[in-house]
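The entries follow the order in which I went through the topics.

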Amino acid sequence: MEFPSNFTELSDNLNYTVSTFNTSYTNYDQLNLPYTVCEILVAICAVFGNGLVIIVFGKEKKLRRRTNYYIISLATADLLVGLFAIPFAILASIGLPTNLHACLFTVSVLVVLCTISIFCLVAVSVDRYWAILHPMGYSRTVRTKTAIGIICVCWITGTLVGFLPLFGWNAGKKSDEKCIFTQGSRKAGEKSLFGFGG
């Protein structure tokens, strides 16, 4: 890259850079078709697969053991992700809704459901780890009521964490009347969706 020889050339380069920057970050009103198709396919699979798990659990009395309550909690959370969080993510990707409180609500629901799903997955993992590592102690101390209590803690904690923006922990201003994730919120949302830090 060469240095500009005069002020006009510097001004033109600066204007080009600013306009490129603005167009790359204000393009929220256009629907990204590959992203939307992938999200819809994931939502359909999540609703169908987790719905089947919940139906089978409801019909088969033999499956109602304490370990399977964790699986049902996870299936319910993932079913709700497919029904609500993914459509809200698609709406947020195009800048909808435009009302601040509706925007906070849709983004909060997305984070709530994904956080609950992650907490339920952690509960399943810890339960299985404990059952394998300490089988005798596990069978003596962990009852169905214990599992239901842990599941309730997962749902309550996930709900409180996800709805913090509605309780006042937000910037309180919007960018060009569009509902968008800020860079920090988007990174937090991606961590919540994929369950990884980074």
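**Salt bridge.** I looked for salt bridges, taking one as a side-chain nitrogen of Lys or Arg within 4 Å of a carboxyl oxygen of Asp or Glu, and the structure, which is a predicted model, holds one. It is formed by the side chains of Asp 127 and Arg 128, with 3.1 Å from N to O. For burial I used relative accessible area with a 1.4 Å probe and protein chains only, where buried means under 20%, exposed over 50%, and partly exposed in between. Asp 127 counts as buried because its relative accessibility is 5%, whereas Arg 128, at 31%, is partly exposed.

**Ground rules.** I number residues from 1 along each chain as its sequence is written, and side-chain values use heavy atoms, with hydrogens and water left out. As this is a predicted model, local features need pLDDT of at least 70 and side-chain atom pairs count only at pLDDT 80 or more, while totals for chains, interfaces and linings use all residues.

**Confidence.** I read pLDDT as the predictor's confidence in each residue, from 0 to 100. The mean for the protein is 81, and 73% of its residues reach 70 or more. Residues 10–26 stay under 50, and the model has four contacts for them beyond four places in sequence, a contact being heavy atoms within 4.5 Å. Residues 183–198 are also below 50, and this stretch has 16 contacts in the model beyond near neighbours in sequence. Where pLDDT is low, the predicted coordinates should not be read in detail.

**Overall make-up.** I find seven helices and zero strands, with helices (H or I, at least four residues) and strands (E, at least two) taken as DSSP runs numbered from the N terminus. Of the 198 residues, 29% count as buried. Among contacts between residues at least 6 apart in sequence, 80% join residues at least 24 apart. The protein exposes about 13100 Å², of which carbon and sulfur atoms supply 69%; these areas come from the Shrake-Rupley method with a 1.4 Å probe, and for residues only the protein chains shown count as cover.

**Core.** Which residues have the most contacts inside the largest nonpolar core? I noted Tyr 70 and Val 81, in a core of 24 residues; such a core is a set of buried Ala, Val, Leu, Ile, Met, Phe, Trp, Tyr and Cys residues joined through side-chain atoms within 4.5 Å. Helices α3 (66–93), α4 and α6 (144–162) each supply at least two residues of this core, and α4 gives the most, with 10 residues. Leaving out residues up to four places away in sequence, Tyr 70 touches Ala 123, Val 124, Asp 127, Ala 147, Ile 150 and Ile 151; Asp 127 in this list is also the acidic partner in the salt bridge with Arg 128.

I then checked Gly 82, which lies in helix α3 and is buried, with a relative accessible area of 5%. Apart from neighbours within four places in sequence, Gly 82 is in contact with Ala 43, Ala 46, Val 47 and Pro 87. Its C-alpha atom is separated by 8.9 Å from that of Glu 39, 43 residues apart along the chain. Ala 85, likewise in helix α3, counts as buried at 2% relative accessibility, and beyond its neighbours within four places in sequence it is in contact with Leu 80, Leu 110 and Leu 113.

**Loop between α3 and α4.** Both Gly 95 and Pro 97 sit in this loop. A cis peptide bond joins Leu 96 and Pro 97, with omega about -10°. Gly 95 counts as buried because its relative accessibility is 2%, and its C-alpha atom is separated by 4.5 Å from that of Lys 178, 83 residues apart along the chain.

**Surface patch.** Last, I recorded a nonpolar surface patch of Phe 105, Ile 156, Leu 160, Leu 164, Leu 166, Phe 167 and Trp 169, with about 760 Å² of accessible area together. Patches are made of residues with over 30% relative accessible area and no salt bridge, like charges being joined within 9 Å and nonpolar side chains (Val, Leu, Ile, Met, Phe, Trp, Tyr) within 5 Å. Phe 105 is placed in helix α4, residues 100–133, and counts as partly exposed at 41% relative accessibility.
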